[in-house]
Structures are given as C-alpha cells and as structure tokens.
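Colleague: I have a few minutes before the meeting. Can you put the model up and take some questions?

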Amino acid sequence: FPVVLVPQPEGGFFVECPSLPGCYSQGETVQEALDNIHEAIILALEDLDDLGEPVPDVAPPLLTQVRVKV
C-alpha cells in the first residue's frame with residue numbers, strides 16, 4: 001500500500017495510507033512511522049474483512065508539486 005510520510009515541525013513523522021481512509025499513524029523516525037502504519041494497515045484490513053467490505057483497489061501514487069507565488 002502506498003503511504004505518505006510528512007515530517008513534523010516538532011519532530012517525528014505523520015504517516016497515512018491514502019488507499020484506506022482514516023488509516024494513519026506517527027513515529028519518531030521514518031522506520032518507526034513505517035512500522036506503525038504497517039500495523040495500522042493490518043488492523044484496517046481486518047476491520048474491512050469483519051464488516052464484509054472489499055479491500056480498495058490500490059493504484060500507484062502520483063506525486064507532484066504545486067507552485068504557489070505569494
């Protein structure tokens with residue numbers, strides 16, 4: 001599953017899995033954040049299974065930039 005890591009100003013990383021709405025975590029290091037989101041993804045998939053919901057299709061992420069002139 002694609003995940004997005006965002007460095008936080010106070011330190012550490014916020015991480016989310018856009019393919020699974022509401023699936024996010026955090027960690028002090030990149031590796032800790034990845035370990036934590038791995039666990040969150042597993043829990044989200046178990047919840048979907050328990051509810052009889054399908055696993056969403058996972059498309060490759062598209063990453064780009066938007067330039068803003070201020």
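Colleague: Which residues are exposed on the other side of H1?
Modeller: This is a predicted model, to begin with. The exposed residues on that side of H1 are His-38, Glu-39, Asp-49 and Asp-50.

Colleague: And which residues of H1 are buried?
Modeller: Ala-33, Ile-37, Ala-40, Ile-41, Ala-44 and Leu-48 are the buried residues of H1. They cover an arc of only 110° around the axis, which puts them on the same side of H1.

Colleague: What covers the buried residues of H1?
Modeller: The cover includes three strands: E1 (4-7), E2 (13-16) and E3 (24-27). H1 lies across E1, E2 and E3, and runs at about 155° to E3.

Colleague: How far apart are the end C-alpha atoms of H1?
Modeller: They are 30 Å apart. H1 has 21 residues, 30-50, and at 1.5 Å a residue these should span 30 Å, so the two values agree.

Colleague: What comes just after H1?
Modeller: Gly-52, with a positive phi of about 75°.

Colleague: Switching to the sheet. What is the strand order?
Modeller: The order is E1-E2-E3, in an open sheet of three strands with antiparallel pairing. E1 and E3 are the edge strands, each pairing on one side only. From one strand to the next, the twist averages 25°.

Colleague: How many bridges do E1 and E2 have?
Modeller: E1 and E2 pair over four bridges, in the antiparallel sense. Val-4 has Glu-16 as its bridge partner in E2, and Pro-7 stands opposite Phe-13 in E2.

Colleague: What about E2 and E3, parallel or antiparallel?
Modeller: Antiparallel, over four bridges. Glu-16 has its bridge partner in E3 too, namely Tyr-24.

Colleague: Back to E1 and E2. How many residues are between them in the hairpin?
Modeller: Five. Gly-11 is in that turn and has a positive phi of about 110°.

Colleague: Where is Val-3 found?
Modeller: In the segment before E1.

Colleague: Why is Val-3 called partly exposed?
Modeller: Because its relative accessible area is 29%, and partly exposed lies between the 20% limit for buried and the 50% limit for exposed.

Colleague: What does Val-3 touch, leaving out residues up to four places away in sequence?
Modeller: On that count, Val-3 touches Val-15, Glu-16, Cys-17, Pro-18, Leu-34, Ile-37 and Ile-41. Ile-37 and Ile-41 are among the buried residues of H1.

Colleague: How far apart are Val-3 and Leu-34?
Modeller: They are 31 residues apart in sequence, and 8.4 Å apart in space, C-alpha to C-alpha.

Technical notes. Residues numbered from 1 in each chain as written. Predicted model: local features only at pLDDT ≥ 70, side-chain atom pairs only at ≥ 80, totals over all residues. Heavy atoms only, no water. Helix = DSSP H or I, 4+ residues; strand = E, 2+ residues; numbered from the N terminus. Expected span 1.5 Å × (residues − 1). Buried < 20%, exposed > 50% of the residue type's maximum accessible area, 1.4 Å probe, protein only. Arc of directions from axis to C-beta. Contact = heavy atoms within 4.5 Å. Pairing = 2+ DSSP bridges. Axes fitted to C-alpha atoms, helices over the stretch in contact; angles between N-to-C directions.
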